[in-house]
Amino acid sequence: MAILPSMQQVEEHGLLRVLTPNVASLGYALFLAINAAGVWGGVFPFLPLEFQTHTIVFWFFLTQSAAFSLSYVASCIGSYYLPGATRAFLVKLTSAIYFAGWCCLIAAIYIDAAALPLVCAGGGLLGLGSTGFYMLWQRLFAGEDADTGNRDILVGSAWGAVLYFALYLIPQAVTAYLIPLVFLPLFGLCVTLRGRAIDPEQPMFADVPREHPQVYRQVLQDHWRSALCIGAVGFCAGVMRSLAVAEPALGIYVNVLSMAGMLLAALAVLWLWTLKDVHLSITDAYRVVFPFLITSLVLLPMLPDEYVRWLAAILYAVYAASIMLMMMQCAQISRDRGINPVFIYGFFGTIVYTLHSIGFLGGTFAEDVRIMGVDPLAVVALVTIWALGLMHFVGSGGFTSALSRLDSPEGIELVSLKQRDRSAVTGDKPTDAPDRIAAQAARIQEHFRLSAREAEVMELLARGNSVARIAEVLVVSENTIRTHSKRIYAKLDIHKRQELVDLIETF
């Protein structure tokens, strides 16, 4: 087993040292490679192409996506009302479901009379099993410290693409059997081994959501826009998947380029991380991508078929990178807020994968519709652009945000003719200028590599706030604050609050 490199080793050896996998990242990489071989681009790269008729592939994806989306809904709701069921690593149960799904797919190749029912059963089981494994990985990465968890996700994503390409070196007839019999037990074993090192007493695992619902409401309020942005990309990828399903060779092409895109995205983030601090924002990234997204869809009916292939591949590459960022975002939310990782990943997954499925179904049916003589491909582009515009409007705040921006710089100001107390009208509150404690806390954060949330808690502790008060200010549970305090003290090599104050005074 490779030992995870320390930050000093990372600085000394650069990107190659960072890319050294450990048990968690290697297991996650193998899972991503196998998952891409079964449920990624609408086709099965390692099953015979003659078996992959339009009907077979369509019904597989329909059942798989339905099971996938519903599993995330059930995970989100179930973890809120029955959190005890999510406190154990249910690797054996998840592996059995995933194994049964692959067995159904293999059986469908040889039993022509029952091919469609077996494919539907396989799609449902693989959708359920994939959700289960994603939840297991999410719990594992959230349970690690921030540096280790983020590195495992990025390194696993990079190696996942490499392993996916390596699968093509194995004869196709053998690969279909190796996946359930060899590769599945391997990444299941990796989850089990690494899961034993995770502290089950962390607040996120022992959390009872109904005891502090305001924390969960605040989390959803803070992060639903990020989920919607990834869902919008997933919606476009689903539309393009509907075009890929009609031609299995195109679907395999999409698979390969999407995995290549994930590899490049993981390497780019890791490389930047070795050089400097990296701050990623899903919503900001989506604002940059949005103009290119709608422009590419406008061009869809105007350019030749080759453009459709490239657009499908590029959108799936962006989607794959978005899913990688989604897992990092959810793990950070769980650590910072002390909430159940299954709940937050279930919430994100519900929005993202449901929109992806809607995009696939909408694109499939729109291909056969001709409105007022308009070409079906143009209908697909128009409907997709309309849906994207609507989601962008909702994500930017909708009517509520538009009507509440009364202090916008470009707005026209009309001062009320009736004299009133201006402080009551504007609700202005005096703001404190940055003080010495804040400045020194910022330096300590940079020197000891504290996360933004840890720095926030450290400063509040140094100012004399109690654990209960900090929990109230940050809208988290008191156990979460205690966990953050322990991590802060460990990183700073101190043992009590007075030592923290002394450190800030002398730093």
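Helices are DSSP runs of H or I, at least four residues, numbered from the N terminus.

Before going on, the ground rules. This is a predicted model, where local features need pLDDT of at least 70, side-chain atom pairs count only at pLDDT 80 or more, and totals for chains, interfaces and linings use all residues. Residues are numbered from 1 along each chain as its sequence is written, and side-chain values use heavy atoms, with hydrogens and water left out.

Back to H11. A kink of about 40 degrees lies at Val289, shortly before Pro291; the bend is the angle between axes fitted to the seven residues ending at a residue and the seven starting there. Buried residues in H11 include Ile282, Tyr286, Phe290 and Leu293. Buried means under 20% relative accessible area, exposed over 50%, and partly exposed in between, with a 1.4 Å probe and protein chains only.

Next, the cysteines. Cys229 is buried at 11% relative accessible area, and Cys236 is buried at 1%. The disulfide count is zero, a disulfide being a pair of cysteine sulfur atoms within 2.5 Å.

Last, the helix H7 (172-195). Leu186 is found in this helix, and at 40% relative accessibility Leu186 counts as partly exposed.

Definitions and conventions
Helix = DSSP H or I, 4+ residues; strand = E, 2+ residues; numbered from the N terminus.
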